[in-house]
Amino acid sequence: MPETGASPLPQTPPAHSPLFRAEHFVWLTARVLEQRLFAYHFLNGGPDPVETALDAYRNADGGYGHALEPDLRGPVSQPLHTAHALRVLDAVGRCGGQRVERVCRYLTSVSTPDGALPAVTPAQRGYPTAPFLPVVDTPPSELLTTGPVVGLLHRNEVWHAWLFRATDFCWQVVESLQASHPDEIQAAMTFLDSAPDRSRAQATADRLGRLVRDRRMVALDPSGHTPDEHHFPHDYARTPGSLARTWFTDDEMSRSLDFLAAEQQEDGGWPTRRRQWAPSTALEARPIATIKALQTLRAYGREVG
């Protein structure tokens, strides 16, 4: 018989589904917000716990802070945090009503002279911030921030005075893009996938698709590439209904999804492409990436568990 108090012998764990392994990873590492989101998307959880967790990041000015977007630390409201909050509200069907009215008032208060959003306002100065998100006195308008916010508000049929000039800004920038980078293209597609003028959105998306392929901003054969070096078809077309889906053949998309499924790591989580600059941001970003990966695979009918 083993000695009293001896540790049990390790056992080889059974083979589990990707979802089972991801659930273990989320409970082990994620913030409460991502735990609630995982439960909502995959465990029949309700939207109320998600919204309650999100409220912990909301400030009196109607914006969101407290490192909701992991690369910006500190309590102050920032457009990037608020864009993240809108993605959460959209995911659980709560992107409307008084909560979004408060958000739009905040967006109005931090907009640039052309009616768009900067990525980071000067209020961030003095708090830990990713080195690739500079804090300047007069920050420029950014499609990276404005495009996703405008797209999500249109997607949820929100109408507010702030949207008019912000929408015009998005059209002007997206239709004139010549040299770009994958993150900006993704922001443009979030806008175009929900822009009210569908024929205009389709034509603009077609042009961006040619730009992405001509400028080699996508790895069409994932073999031999690492995720921090390239973007793949599934990064642009997160769902089959995205306008970006038409950019890729069925074979190209299938290879991309195979690659995404294979990226799940031994601990059950997916890696993140965020540039790592602090241990806490790396830890908080992976559950976000894990939920996004599972959603993408499920949207394309891939079995996750």
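## Exercises: buried charges and a helix face

Both glutamate 34 and arginine 31 are buried. The model is predicted.

**Exercise 1.** Which salt bridge do glutamate 34 and arginine 31 form, and which network do they belong to?

*Solution.* Start with the pair. The side chains of arginine 31 and glutamate 34 meet in a salt bridge, at 2.8 Å from N to O. Next, arginine 94. Its side chain and that of glutamate 51 also form a salt bridge, 2.6 Å from N to O. This second pair links distant parts of the chain: glutamate 51 sits in helix H3, arginine 94 in the loop between H4 and H5, 43 residues apart. Now the network. Shared partners join Arg31, Glu34, Arg73 and Glu284 through salt bridges.

**Exercise 2.** Work out where the buried residues of H5 lie around the axis.

*Solution.* List them: Val100, Val103, Cys104, Tyr106, Leu107 and Val110. They cover an arc of only 160 degrees, so they lie on the same side of H5. The face turned away from that side carries exposed Gln98 and Ser109. The buried residues pack against helices H4 (79-91), H6 (143-155) and H7 (161-176).

**Exercise 3.** Check the length of helix H5 (residues 97-110).

*Solution.* Take 14 residues at 1.5 Å a residue.

Methods:
Residues are numbered from 1 along each chain as its sequence is written. This is a predicted model: local features need pLDDT of at least 70, side-chain atom pairs count only at pLDDT 80 or more; totals for chains, interfaces and linings use all residues. Side-chain values use heavy atoms; hydrogens and water are left out. Helices (H or I, at least four residues) and strands (E, at least two) are DSSP runs, numbered from the N terminus. The expected span of a helix is 1.5 Å times one less than its number of residues. Buried means under 20% relative accessible area, exposed over 50%, partly exposed in between (1.4 Å probe, protein chains only). The arc is that of the directions from the helix axis to the C-beta atoms. Contact means heavy atoms within 4.5 Å. A salt bridge is a side-chain nitrogen of Lys or Arg within 4 Å of a carboxyl oxygen of Asp or Glu.
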